[in-house]
Amino acid sequence: MLLVVFGASGVAGNWYTGKLLGKNLMRTTLLYPIALAACYILLKYAGLSLMWLLGIVVLWGAVHTSGLIVSQILLTSEAPEAPEFANSLFVSFSNLGVTISTAVGGWLIAISDTGEIVWGGMLFATLALIFIAANFVSRAKSKVQSAVDVKQ
């Protein structure tokens, strides 16, 4: 039943995230890994209460599933002249991400236990935040440089 709840909350998360992306792409994209990390922290420290777990699964499903739309919109906005190519990169790198995170997660379980898998998620959320921030800084510098070049 929790998987059904997770999936249903994912639909709601996609709908709401689409609205947020329309208002502010950069802020929504930056908040995504932070929200995902918050879900992992809640999951780690919530204890065994079914009511807490149900609430966390609703939030986690909404946040986790919305990452797909965040990634796809961000990537296709980077290459408006080649949306098909950008979409193919999205699919390829999504699959690569699943492969790498599954391997790291399996390794974490092998050296510790399933309770520590949350730290792998935190690692990837932190890496995502770093790369997203670096991307936005790079884009901002590029826009400033373009503006300077136009004035000259």
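Analyst: Among contacts in the protein between residues at least 6 apart in sequence, 70% join residues at least 24 apart. Contact here means heavy atoms within 4.5 Å.

This is a predicted model, in which local features need pLDDT of at least 70, side-chain atom pairs count only at pLDDT 80 or more, and totals for chains, interfaces and linings use all residues. Residues are numbered from 1 along each chain as its sequence is written, and side-chain values use heavy atoms, with hydrogens and water left out.

The protein has five helices and zero strands. Its elements run α-α-α-α-α from the N terminus on. Helices (H or I, at least four residues) and strands (E, at least two) are DSSP runs, numbered from the N terminus. Along the principal axes, the C-alpha atoms fill a box of roughly 65 × 35 × 25 Å. Of the 152 residues, 24% count as buried. Buried means under 20% relative accessible area, exposed over 50%, and partly exposed in between (1.4 Å probe, protein chains only).

Now the close look, at helix α3. It spans residues 50–78, and helix α2 spans residues 25–45. The axes of α2 and α3 come within 9 Å and cross at roughly 150°. Axes are lines fitted to C-alpha atoms, for helices over the stretch in contact, and angles run from 0 to 180 degrees between N-to-C directions. α2 and α3 are therefore roughly antiparallel to each other. Angles under 35 degrees count as roughly parallel, over 145 as roughly antiparallel, 65 to 115 as roughly perpendicular and the rest as oblique.

α2 passes α3 in a left-handed crossing. A crossing is left-handed if the near helix is turned anticlockwise from the far one by less than a right angle, and right-handed if clockwise. On the α2 side, the contact includes L25, Y32, L36 and Y40. On the α3 side, I56, W60, V63 and V70 are among the residues that take part. By class, this contact has 16 nonpolar, six polar and no charged residues. Ala, Val, Leu, Ile, Met, Phe, Trp, Tyr, Cys and Pro count as nonpolar, Asp, Glu, Lys and Arg as charged, and the others, Gly among them, as polar.

Next comes helix α4, residues 83–111. The axes of α3 and α4 come within 9 Å and cross at roughly 145°. This crossing is right-handed. L68, S71, Q72, L75 and T76 of α3 meet P83, A86, N87, L89 and F90 of α4.

Helix α1 (residues 2–23) holds N14. N14 touches T65, S66 and I69, not counting residues up to four places away in sequence. N14 and V70 are 56 residues apart in sequence, yet 8.9 Å apart in space, C-alpha to C-alpha. N14 is partly exposed, with a relative accessible area of 27%.

Finally, the core. The largest nonpolar core has eleven residues, among them V63, V70, Y32, L36 and A125. A nonpolar core is a set of buried Ala, Val, Leu, Ile, Met, Phe, Trp, Tyr and Cys residues joined through side-chain atoms within 4.5 Å. α2, α3 and α5 (117–151) each supply at least two residues of this core. α2 gives the most, with five residues. Leaving aside its neighbours within four places in sequence, A125 is in contact with P33 and A37.
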